[in-house]
Amino acid sequence: MMQQTLDELIATRRALLASDDASLEQLRQVDRRLLTRAERGDPASPLPENLAEGSLLPLVSLPVDEATLWLEIALSIGGVRVRPALDALANEPDAAALSWWLAANYPHLSVAREFPESPELQMLAARAYWRRGQIDKLPEPWKEWAKVLDGRNELSKSLVEALWELLPADANTSGFASWKDWFYPLMVGAHDEWQLWLVNWLLAEVDTTTTVEAMGVSCARRFLSWLEAIGAGTGLDGNEEVADAAERELRWLRGDHSGRQPEPSPFGYQCWGEILKDGHGLAPASWQKRFSALPMGFRERCWYWSGRQINGSPWSLFGGQWCVGG
């Protein structure tokens, strides 16, 4: 069998990331091949031959998932030697998005820029400062958003509407951040009644399929009966797309072994067939376990639930890293 080219490996990788059946181990196998090729100096690699002196600016023209992947490969094979190239990248106007993405997803790296004007980059900057415990450096409404995530303030309708005005679902972004990156963390951290309000509020702003996804992402068992009715096509006038979306969310909640929770309580939270929290706030199952077990298409949701515990992103080298404490 002929060896896959770098472009073919990237295409295989993208297909795995989008699959609801592919495993993390399959992704890691592809990434080991990519890393080996980069270490050997594959001529098709977008990385400079000498990372200590070469520029990483060519990565700016790549799609966001590829650009961030190659940045992480550079960090992996270059170690501290790549820092001068990263510092140079931080000073390039065209590389602001990549620099903020690194700061948002790797809190051990320094924040080298002023708070940005672009709403998309503001989302990354807000996450960067929040992960570093530097909430007071944030302007409103991002400071309020970070305080809600930390449990210091209550969620409010005015906060949701202010953030939506900045970064709504139809915002024209380059893919580094989206409205889901601020909305879903609020959703998973909200108590039951606020989750219900958020779902109803979202239904007036986006399509039904997206609202169905939000119900699933919440992991709230109170939405199971809603999703079951939608999956059965109740009141949808044959809308198969929405019904399929509901079936996907039911799989996310129940896993591939639906018999585990045949009659779940309407209170509490569950994911992949296991209870996350019961009605008293207890959490018998950990997200660290799910990080490795979930199919690739579902793994991005770990980032909404895990707070500051994961580095990287769902499309990161080796699927991101769970790094509690370091």
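Modeller: Buried means under 20% relative accessible area, while exposed means over 50% and partly exposed lies in between. Please keep in mind that this is a predicted model.

Biologist: Okay, take S218 then: is it buried or exposed?

Modeller: S218 has a relative accessible area of 0%, which is under 20%, and therefore S218 counts as buried. S218 belongs to helix α11, which covers residues 208–218.

Biologist: And what does S218 touch?

Modeller: Leaving aside neighbours within four places in sequence, S218 is in contact with M187, V188, Q195, F223, Y269 and W305.

Biologist: What about C219, what is its phi like?

Modeller: Phi of C219 is near 65°, a positive value in a residue other than glycine. C219 sits in the loop between α11 and α12, and with 0% relative accessibility C219 is buried as well.

Biologist: Where else is there a positive phi of that kind?

Modeller: F318 has a phi near 60°, which is also positive in a residue that is not glycine. F318 is placed in the loop between β3 and β4, and with a relative accessible area of 25% F318 is partly exposed. For background, most residues other than glycine have a negative phi, and most peptide bonds are trans.

Biologist: On peptide bonds, which one is cis?

Modeller: The peptide bond from E140 to P141 is cis, with omega near 5°, and P141 is located in the loop between α6 and α7.

Biologist: Switching topic, which residues touch the most other members of the largest nonpolar core?

Modeller: That core has 107 residues, and those touching the most other members are L56, W145, W182, F183 and W287. If residues up to four places away in sequence are not counted, W182 touches M123, W142, W145, V160, L163, W164 and L167.

Biologist: Now pockets: what volume does the largest one have?

Modeller: The largest pocket has a volume of about 1,200 Å³. It is lined by 49 residues, of which D181, P185, E300, W303 and Y304 are the closest to its centre. Helix α9 gives the largest share of that lining, with 6 residues, and by class the lining divides into 26 nonpolar, 13 polar and 10 charged residues.

Biologist: And the second largest pocket, what lines that?

Modeller: The second largest pocket holds about 290 Å³ of space, and its lining has 16 residues, with E72, L75, S76, Y106 and Q321 nearest its centre. Helix α3, residues 64–78, gives the most to this lining, with 3 residues.

Biologist: Which residues line the second largest cavity?

Modeller: The second largest cavity, with a volume of about 50 Å³, is lined by I10, R13, R14, L17, D65, E66 and L69. By class, this lining has 3 nonpolar, no polar and 4 charged residues, and α1 gives the most to it, with 4 residues.

Notes. Residues are numbered from 1 along each chain as its sequence is written. This is a predicted model: local features need pLDDT of at least 70, side-chain atom pairs count only at pLDDT 80 or more; totals for chains, interfaces and linings use all residues. Side-chain values use heavy atoms; hydrogens and water are left out. A nonpolar core is a set of buried Ala, Val, Leu, Ile, Met, Phe, Trp, Tyr and Cys residues joined through side-chain atoms within 4.5 Å. Buried means under 20% relative accessible area, exposed over 50%, partly exposed in between (1.4 Å probe, protein chains only). Contact means heavy atoms within 4.5 Å. On a 1 Å grid over the protein atoms alone, a cavity is a set of points where a 1.4 Å probe fits but cannot get out, and a pocket is an open set with protein on both sides within 12 Å along at least five of seven lines; lining residues have an atom within 4 Å of a point. Grid points are joined across faces, edges and corners, and a volume is the space filled by probe spheres set on the points. Helices (H or I, at least four residues) and strands (E, at least two) are DSSP runs, numbered from the N terminus. Ala, Val, Leu, Ile, Met, Phe, Trp, Tyr, Cys and Pro count as nonpolar, Asp, Glu, Lys and Arg as charged, and the others, Gly among them, as polar.
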